[in-house]
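Open your viewer and get the selection tool ready. We will go from stop to stop, and at each one you will hear what to select and what is there.

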Amino acid sequence: MTAQAISARRPEAGLGDGSRGGFGAVLRAEWTKFRSVRGWVIGMILAALLTIFIGVFAAANASIGCSINGGPQKTGKACLPYVPHGPDGEIVTDSFSFVRQPLTGNGTITARVTALTGEHANLSAGPAQAGNGNTVPGLTAWAKAGIIIKQSTHQGSAYAAMMVTGSNGVRMQDNYTGDIAGTPGRVSAAHPRWLRLTRSGDTITGYESADGTHWARVGTVQLAGLPSTVQVGMFATSPNYTVTQNSFGGDSGNSGPAQATGVFDHVSLTGAVPGTWAGTRVGGGGLEGGPGPGGGRGSAPYTRNGGTFTVTGSGDIAPVTPGPGAGLPTVTIEQSLAGAFLGLIAMVTVAAMFFGTEYRRGLIRTTLAATPRRGAVLAAKAVVIGAAAFVTGLVAAVVSIAVGVPKEENQGQVLLTAPVLTEVRVIVGTAAMLALAAVFAVALGAILRRSAAAITIAVVIVVMPFLLSAVHIVPAGVGAWLLRLTPAAGLAIEQSIPRYPQVTTVTSPAQGYYPLSPYAGLAVLCLWTAAALALALIMLRRRDA
Amino acid sequence: MNAAVQAQPAPALAPAAVRGAGLRYALHAEWTKLRTVSGPAWLLLAAVALTIAGSAAAVGATHCPQGLTCPVDPTKLSLTGVQFGQAVVAILAVLTISNEYGTGMIRTTLAAMPNRLAVLAAKAVLLAAPVLVVGAVAVFGSVLAGHLILPGHGFTAARGFHPVWLSYGPTLRAACGSVLYLGLIALMSLGVAVIVRDSAVSIGVVLALLYLFPIVLAFVGNAHWQHRLERWTPTIAGLTIQTTTGLRSLVISPWGGLGVLGIWAAAALILGALALRLRDA
C-alpha cells in the first residue's frame, strides 16, 4: 500500500519540473507521434487525393450540345449563352420590356399602376408561345411592373426600380440583389398604386402612395458611378412559371415561360427629358421569341392609349441562382468540393485513431506519465490534428476548384461567380470545417477510448444528415432541421450563392442551399466540437487511463 | 523423430472427416465467442431499434395532403430505416473479425483452427444468421409502422396507393429483399474487415462504401456516370430491391440490384479469404 502510493507519486513529482517545458513540448511530442505513423500520414494524403478525385469526377458532366439557328452542331463552351454580369460582378438575368426616355441630371418619375395581369405556360401542354393556346392566364409570384431608373439599356447595368409584384406587394429593388418591401397586397383598378422614383446624384429614393397625395418613402439606395444621363420609364416582366414540389420523393422543379402586363397612367416626369417615349425589349426571350444578346424581335413592348400605357414583358431583373429556375446550365464553385465528404471520412478516421489507438496499445499511460496535465495532452492532439486537417483540406479545396471549375466551364456550364471574398470563405471555410470535424473526432476518441466507435459516431452525425436531406431520404422539413442542429450544419460554409427571396427556385441542400447562414452553420459545428472537447477533458481528468 | 510421431494422429484421420469436423468445431467456437460477449447482442438490438425508429420517423413525417399527387413509394418509405440499421450491421460485421486482430486473439484462433477458410466460413455463417433473424424483426417492424401510420396520412387505396403489407406481392419482395440486403451488407463488411484488419480503418472504409456513392450521385451531372453509379454501387443498386412503384424507370431490376450487392459481398469475401490464407496473422 505504501509502496504503491510512493511509486505513484514519484513520477508525478519528478515530471512536475519537466512539464515546465510547457505546451510547446507537448505539442512537439504529439506532432512526432502523428508524423511518425505512416498510416496516418498516408491517410491524410489519401484524404486530399480522394477529395480532388471525386470533385473533378463530379465535374465530369457531359458537354452541352447545341445548334444555333439551325447552324452546325456545337458543344461545350461554344454553347454558352450570353450572360450579363451585374454591377457587383454576379451573373444576372436582365430581360424586360422598357418604355423609356433619357433623363439628364436629377429628376423624378411618377406613375400610377392600375393593373398587373399575366399569362404563363400551361405545363401540361406543349411548348408555350404567346397566343398559341398553350398558355393560361395567371401571375407568377414575382411578376413585376413599375417604374425604373437604369444606367443604360445594356443588360446588367445598374438600376433602381419601384414595382408592384404578383404576390409580394410593392417592392423597391436595385442592382439585382437589393430588395426592400413596401405595402403588401395585389394591385387592381379599385386599389391602384402610385409609384415614384427620385434621382439626386447617385442617390435614388423610392416612394409609394395609395392616392397620389400621401406619399410614403419605401427606401433609398446608392447607385455608385451613375452617369449623368440615364434611362427612365416604365417596365414589365415576369420570371418563368415554376412549380416546385417539395415532396418526399425529392424537390423537383418544372417551369415554363410567363409574361406580365402592367397598365400605367398619370405618368409624369420632371427634369431634363425630351418628352417622347421609346419602347425597348431589354434582353428578350420568354414568350416572345428566342433568347439572345440582341433582344427578342417579337411584338412591340407597349401600347399607348392617350395617357394610359400598357407594357407587356417577359424575363426577370434578378440574380441568377442555382437550380432549375435559372433556365441555364449553372454550376457553383462548391460543386467541385463534393469530394470533401470522402476527405472528411478519411480525416475523421485518422483523427479518431490518433486518440483511440493510444488506449488500445496502452501508450496513453506513457503519455500521461510524461505529461500529467491531461488537458494539455488533449489540446496538443487537437491542435496537431486540426492543423493537419486544415492544411490538407485547404490544398484539396484549392486544387479541386482550380481543376474542377474550368472543366465545368469548358463543357458549357455557366459558372455562378461569387465575390473573391466569398470564394476565399468557401475554400478556407471548407478547410476549417474539415479541421473542426477532425478535432471533434479526436475528442470522441478520447471520450469513447475506442477508435471504431468514435469513427462511426463522427461519420454518422457529420455526413449522414447531409445525405439524408440532400438525397431526400427524409422530408424537406426534417432535413432542414437536421442541417441546423447536427454538426452537418457546418457544410453551410460552402454555400457561395446566397438565397435570394426575390427569386423563385428549388432551395434544397443538393442545389447548394443550406438553412443556416454560412458562419452560423460553422458556429454550430464549433459548438459541437467545443462540447465534445469539454466532455473529453472531464472524462480524461476523472477516469484512470 | 519424436516430433514426427506426435504429428501422426492428424494424417490418421480421413481428410473429409477432418474438414467436416473442422467446420463444425469452428462454428461451435465462433458461436461461443459470439454469445459470451455482450457487444454483439447490444449491436443487434441497436440495429433493430434504429431501423424501426428510422422507418417510423420517416412515415410519421410524411403526409399526402388532399388534392396533391404525391410521388411516393409507400413501401420504400416504410423501409427507410434500413439505411440507418445497415450502419450498425456493418459495424457488427467489422468488429467480428477486427476485434480478434486488435486483441491478438486471431493468433489463438488460427492456432486452434489452422484451416483458415473454415474460420472465415464459420464467422460468415454466424454473422449472417443473427443478422438475417434480427433483420427480419427490424423489417417487419418497419412494414408494420408503414401499415399502421401511412393510411392515416393520406396514403389510402382510394387515392391509388398500394397497401404496405406482406400480402401485397411487391411489398413482400421488398421486405424479404431488405432482410437479405442487411445480410449481404454484413458479409461485404466482414470481407472488407478481413482485408483491412484494423477496426478503425475498416469502419471508415465500410461507411464510405455505404454512404459515399449516394452523395457522389447527388453531385454528378453526367447521365452516363449517374447510370453507372445507380447500376453498380453496393447501396444504390442494392436498395432498388425496396422499390415497388415506377419499376420501369429503374436502371436495374430489383433482384438484379440485390445481385450487384451480392457480387460486392462475394468479391469482398473472396479477397478476404485470399488475404487470410496468404498473410501471416
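Start by selecting residues 286-298 of chain A, where pLDDT stays under 50; pLDDT is the predictor's confidence in each residue, from 0 to 100. The model has 34 contacts beyond four places in sequence for this stretch, two residues being in contact if their C-beta atoms, placed from the backbone, lie within 7 Å. Now select residues 1-19 of chain A: pLDDT is under 50 here too, and the model has seven such contacts for them.

You are looking at a predicted model, in which local features need pLDDT of at least 70 and side-chain atom pairs count only at pLDDT 80 or more, while totals for chains, interfaces and linings use all residues. To find your way, count residues from 1 along each chain as its sequence is written, with chains lettered from A and ligands numbered from 1 in the order in which they are written.

**Colour chain A by pLDDT**

The average for chain A is 83, and 85% of the residues score at least 70. Which elements of chain A have the lowest and the highest mean pLDDT? Helix α1 (residues 2-18) is the lowest with 43, and strand β7 (residues 159-165) is the highest with 95. Chain A has 11 helices and 22 strands in total; helices (H or I, at least four residues) and strands (E, at least two) are DSSP runs, numbered from the N terminus.

**Select helix α3 of chain A**

This helix covers residues 38-58. Its 21 residues reach 30 Å from the first C-alpha to the last, close to the 30 Å expected at 1.5 Å a residue; the expected span is 1.5 Å times one less than the number of residues.

Click on Ile42(A), which lies in this helix. Is Ile42(A) buried or exposed? A residue is buried if 20 or more other C-beta atoms lie within 10 Å of its own, exposed if 12 or fewer, and partly exposed in between, with C-beta atoms placed from the backbone. Ile42(A) counts as exposed because it has 12 C-beta neighbours inside 10 Å.

The buried residues of α3(A) include Trp40(A), Gly43(A) and Met44(A). To see what the buried residues of this helix pack against, show α2 (23-36), α4 (340-361) and α6 (374-410) of chain A, together with α10 of chain B.

**Look into the nonpolar core**

A nonpolar core is a set of buried Ala, Val, Leu, Ile, Met, Phe, Trp, Tyr and Cys residues joined through C-beta atoms within 7 Å. The largest one has 232 residues, and Ala441(A) and Val348(A) are among those with the most contacts inside it. Helix α7 (residues 420-448) of chain A brings the largest share, 19 residues. Select Ala441(A) next: beyond its neighbours within four places in sequence, its contacts include Val348(A), Ala351(A) and Ala454(A).

The C-alpha atoms of chain B fill a box of roughly 90 × 40 × 30 Å along the principal axes. Of its 281 residues, 47% are buried.

**End where the chains meet**

Select the contact: 33 residues from chain B and 35 residues from chain A take part. On the side of chain B, α10(B) gives the most, with 14 residues. What classes of residue are on that side? There are 24 nonpolar, nine polar and no charged residues. Ala, Val, Leu, Ile, Met, Phe, Trp, Tyr, Cys and Pro count as nonpolar, Asp, Glu, Lys and Arg as charged, and the others, Gly among them, as polar.
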